[in-house]
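Have the viewer open and follow along.

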Amino acid sequence: MRNLPPTATLRAFEVATRHATFTSAAEELFITQSAVSHQLKNLEELWGLQLFQRGKTLSLTPAGAALAPLVREFFSKLDTTLADLREQNGRVRLRVNTTYSFALKWLLPRLPALARLHPEILVSLDSSDKAINFAGSESDVAIRFGHGNYPGLFTEFLFREQIFPVASPSLLQRFGTPAEPAELLRYPLLTRDGADLVPKWDAWFEQTGVNINVLHESVRFADTNMTIEAALLGQGIALARSGHVEKEIAEGTLTRLFDIRFPSPAAYYFVCPQGIETQSHVVKFRHWLLDESLQAQRRYR
């Protein structure tokens, strides 16, 4: 590349942009003031631009101000990448994107098992509830909640959850345990706003054959996680999905009400750009994920 100066010269420029004098910049670089001044003069000649206004204190020219953040970002990314490569130490990084709730409630508790089985895979986990666009994403693979319609992507079904009411022991002590679904109409029900990808109370009551006119709502929440937290606090009964309350039900902090099957219309899918699925570390991750999903699916029936 033409007009590309030595890295040491770029570093001198980046440091000088953060100081008021060449002397203080030289102290950070552990070189002499004249060496800094010489390097920056050579840089200005190389680029044909004046980068600093020289006086009692240094100030950047418009050209210097435009170039300073670019050079600073270069060194920042270089430092981050080098640290990342040293951290990997022969391991293969796999960048996984999924929804926040799935990562928090289902995937994170299982990742130590993956690390024991495949210590050579270093998972980098990111979360987003938006549709994944691999062209503009830093993710290698994703786990998505939906109906499996992901055109142009390799798509693999993972599992489907059951939907059921849950309540805290403290709430059941105050209100009693309902004997049948219709009795829930006299309980405070925690409701969720947002998209109808996951059925809400009206759909669950319809599934159980209960006709409803008005729900006794306690509070409306923006997402499922907040609804579950409110149920844990005894504020009402939440409509939960299997994968979101595994730990709470196992520990007894939430109780499932009624053994009524209501499969979620949406399910979880592994997705990635075509061809990525055959890479060896992705194959290992997929096989582990499918095994964990199969075990979960058996428990969710």
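**Charged pairs and the parts they join**

Arg110 is buried, because its relative accessible area is 10% (buried means under 20% relative accessible area, exposed over 50%, and partly exposed in between, with a 1.4 Å probe and protein chains only). Before going further, please keep in mind that this is a predicted model, in which local features need pLDDT of at least 70 and side-chain atom pairs count only at pLDDT 80 or more, while totals for chains, interfaces and linings use all residues. Residues are numbered from 1 along each chain as its sequence is written, and side-chain values use heavy atoms, with hydrogens and water left out.

Which residue forms a salt bridge with Arg110? The partner is Glu246, and the closest N and O atoms of the pair are 3.0 Å apart (a salt bridge is a side-chain nitrogen of Lys or Arg within 4 Å of a carboxyl oxygen of Asp or Glu). Since Glu246 lies in helix α9 and Arg110 in helix α5, the pair ties together parts that are 136 residues apart in sequence. Helices here are DSSP runs of H or I with at least four residues, strands are runs of E with at least two, and both are numbered from the N terminus. Glu246 itself is partly exposed, with a relative accessible area of 22%.

Stay on helix α9, which covers residues 246-251 and also holds Lys247. The side chain of Lys247 meets that of Glu251 in a salt bridge, at 3.3 Å from N to O. Because Lys247 and Glu251 are four residues apart in helix α9, about one helical turn separates them. In general, an α-helix has 3.6 residues a turn, so residues three or four places apart point the same way. Lys247 is exposed, with a relative accessible area of 53%. From Lys247 to Thr57 the C-alpha distance is 61 Å, and the two residues are 190 apart in sequence.

A search of the whole structure finds 16 salt bridges. One of them joins Asp140 and Arg95, whose closest N and O atoms are 2.8 Å apart. This pair links distant parts of the chain, 45 residues apart: Asp140 is in the loop between β4 (121-127) and β5 (141-146), and Arg95 is in strand β3 (residues 92-98). Arg95 is partly exposed, at 34% relative accessible area.

Tyr100, Leu104, Leu108 and Leu125 form a nonpolar patch on the surface, and together they have about 340 Å² of accessible area. Patches are made of residues with over 30% relative accessible area and no salt bridge, where like charges are joined within 9 Å and nonpolar side chains (Val, Leu, Ile, Met, Phe, Trp, Tyr) within 5 Å. The areas come from the Shrake-Rupley method with a 1.4 Å probe, and for residues only the protein chains shown count as cover. Helix α5 (residues 100-117) gives the most to this patch, with three residues. Leu104, which sits in helix α5, counts as partly exposed at 37% relative accessibility.

Beyond its neighbours within four places in sequence, Phe159 is in contact with Phe102, Trp106, Ala267, Tyr268, Ser293, Gln297 and Tyr300, where contact means heavy atoms within 4.5 Å. The C-alpha atoms of Phe159 and Glu292 are separated by 9.5 Å, although these residues are 133 apart along the chain.

Ser264 is in the loop between β11 (255-256) and β12 (267-273), and counts as buried at 1% relative accessibility. Leaving aside neighbours within four places in sequence, Ser264 is in contact with Phe145, Arg160, Glu161, Ile163 and Arg241.

**The domains**

The protein chain is divided into domain 1 (7-88), domain 2 (92-160 + 266-300) and domain 3 (163-256), with bounds from an automatic or database domain assignment. The C-alpha centres of domain 2 and domain 3 lie 28 Å apart, and 13 residues of domain 2 are in contact with 10 residues of domain 3.

Finally, look at helix α1 (residues 7-16), where seven of the 10 residues are buried, so the helix is largely enclosed by the rest of the structure. Among the buried residues of α1 are Leu10, Phe13 and Val15.
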